[in-house]
Amino acid sequence: EDSGAAYRAERAEILRQLAANLREARLAANHTQESLSLICNLHRTDVGEIERAAREPRFVTLLILASALGVTLEDLAKGIPVPKERRPATHSGPQRP
């Protein structure tokens, strides 16, 4: 079995929940993807990709989006469990303690 399958499935679910939370916050703030992208100085497709769970946003991007929407990071993370899976190691070098 693919050792990364559980990791990818969990990551996809996390991104789907984040996408739903972002979309809910954006709609509650009466923004379109385009108006939110202008406020945040992001490309419109960036917001769309995050809302489709096609892109994992950087932490700073989440801070900017939350601030523009008047919500907290906790609001954007609502319903997202702490990940159990970790990305499988891709190297065979010495392990850190």
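Ala53 is partly exposed, with a relative accessible area of 22%; here buried means under 20% relative accessible area, exposed means over 50%, and partly exposed is what lies in between, with a 1.4 Å probe and protein chains only.

Before I go on, a word about the model. This is a predicted model, in which local features need pLDDT of at least 70 and side-chain atom pairs count only at pLDDT 80 or more, while totals for chains, interfaces and linings use all residues. Residues are numbered from 1 along each chain as its sequence is written, and side-chain values use heavy atoms, with hydrogens and water left out.

Is Asn41 buried or exposed? With a relative accessible area of 72%, Asn41 is exposed.

Now to the chain as a whole. The protein chain has 5 helices and 0 strands, so that, read from the N terminus on, the elements run α-α-α-α-α. Of its 97 residues, 27% are buried. The chain exposes about 6900 Å², and carbon and sulfur atoms supply 52% of that area, where accessible areas come from the Shrake-Rupley method with a 1.4 Å probe and, for residues, only the protein chains shown count as cover. If we take the contacts with a separation of 6 or more, 66% of them are between residues 24 or more positions apart, and contact means heavy atoms within 4.5 Å.

Let us go back to α3, which covers residues 44-51. Which of its residues are buried? They are Asp46, Val47, Gly48, Ile50 and Glu51, and what covers the buried residues of α3 includes α1, α2 and α4.

Next, the way the helices pack. Two packed helices are described by the angle between their axes and the distance between the axes. The axes are lines fitted to C-alpha atoms, for helices over the stretch in contact, and the angles run from 0 to 180 degrees between N-to-C directions.

For α2 and α3, the axes come within 8 Å and cross at roughly 115°, and the crossing is right-handed. In words, a crossing is right-handed if the near helix is turned clockwise from the far one by less than a right angle, and left-handed if anticlockwise. On the α2 side we find Gln33, Glu34, Leu36 and Ser37, and these meet Arg44, Val47, Gly48 and Glu51 in α3. By class, this contact has 2 nonpolar, 3 polar and 3 charged residues, where Ala, Val, Leu, Ile, Met, Phe, Trp, Tyr, Cys and Pro count as nonpolar, Asp, Glu, Lys and Arg as charged, and the others, Gly among them, as polar.

The second pair is helix α2, residues 33-40, with helix α4, residues 59-69, and these pack at an angle of about 110° with their axes 10 Å apart. That makes α2 roughly perpendicular to α4, a term used for 65 to 115 degrees, whereas angles under 35 count as roughly parallel, over 145 as roughly antiparallel and the rest as oblique. The contact is made by Leu36, Ile39 and Cys40 of α2 and by Ile64, Leu65, Ala68 and Leu69 of α4. What classes do these residues belong to? The contact of α2 with α4 has 7 nonpolar, no polar and no charged residues. This crossing of α2 and α4 is right-handed.

Arg26 is found in α1 and is buried, with a relative accessible area of 8%. Leaving aside residues up to four places away in sequence, Arg26 touches His31, Thr32, Gln33, Leu36, Glu51 and Leu69. Ala9 is in α1 as well, a helix that covers residues 5-28, and Ala9 is partly exposed at 48%. Ala9 and Glu85 are 76 residues apart in sequence, and 9.4 Å apart in space, C-alpha to C-alpha. Glu13, also found in α1, is partly exposed at 41%, and Glu13 lies 68 residues from Pro81 in sequence and 9.8 Å from it in space, C-alpha to C-alpha.

How values were computed
Helix = DSSP H or I, 4+ residues; strand = E, 2+ residues; numbered from the N terminus.
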